[in-house]
Amino acid sequence: MQDVVLNIKSNQFLPEWEHEEIIELITPGKLYHKNGDVYITYREGSLTGTINTETTLKVGRGRVTLTRTGDIFSEMVFENGFRHLSYYDMGDVGGMAIGVNAKRVDANFTDKGGLIDVEYAVEVENEYTGDNNFIIEVKHVQ
């Protein structure tokens with residue numbers, strides 16, 4: 001398991017908004033390899049409202065799976081040209097069905113780090129809610 005630093009930039013655009021909502025987060029994490037896939041784990045923190053939640057990214061060929069455990073439980077699968085459904089559980093607040101339609105899933109890693117770039121549309125309870133993009137730059141800690 002390797003120590004890494006993640007620079008996460010997330011853009012969200014909803015049709016009723018006049019602008020994008022952009023969140024940027026720099027956080028420590030861990031990176032490891034298993035069965036040919038890259039795994040990255042980190043805690044998001046108070047900026048995203050998920051203080052007691054651990055996020056794991058599983059990066060494989062043409063597919064990124066984002067799993068959150070803790071105060072929030074969810075698994076979102078991003079795969080080029082596919083629609084995946086999941087349940088987003090927010091504990092006491094309740095949950096909702098989420099649909100993810102990936103438009104672009106790019107991930108490249110070297111021994112110095114990597115980059116994940118995902119663009120997707122989101123549905124909540126089968127209703128289109130907007131377009132999102134996240135870019136995660138991963139750098140190994142020396």
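Which residues does K112 touch, not counting residues up to four places away in sequence? In this predicted model, where local features need pLDDT of at least 70, side-chain atom pairs count only at pLDDT 80 or more, and totals for chains, interfaces and linings use all residues, K112 touches V138, K139 and H140, a contact being defined by heavy atoms within 4.5 Å. Residues are numbered from 1 along each chain as its sequence is written, and side-chain values use heavy atoms, with hydrogens and water left out.

K112 lies in the loop between β8 (95–110) and β9 (113–124), where strands are DSSP runs of E with at least two residues, numbered from the N terminus. With a relative accessible area of 68%, K112 is exposed; the term exposed stands for over 50%, buried for under 20%, and partly exposed for values in between, using a 1.4 Å probe and protein chains only. Although K112 and H140 are 28 residues apart in sequence, their C-alpha atoms are 5.8 Å apart in space.

Four aromatic pairs are counted, the rings of Phe, Tyr and Trp (its six-membered ring) being paired if their centres lie within 6.5 Å, and called stacked for planes under 30 degrees apart, edge-to-face for over 60 and tilted for the rest. The rings of Y32 and Y39 have centres 5.0 Å apart and planes at 5°, so this pair is stacked. The rings of F78 and F134, by contrast, have centres 5.4 Å apart and planes at 75°, and the pair is therefore edge-to-face. F78 belongs to strand β6 (residues 74–79) and F134 to strand β10 (residues 127–140), 56 residues apart, and both are buried.

Conventions. Helix = DSSP H or I, 4+ residues; strand = E, 2+ residues; numbered from the N terminus.
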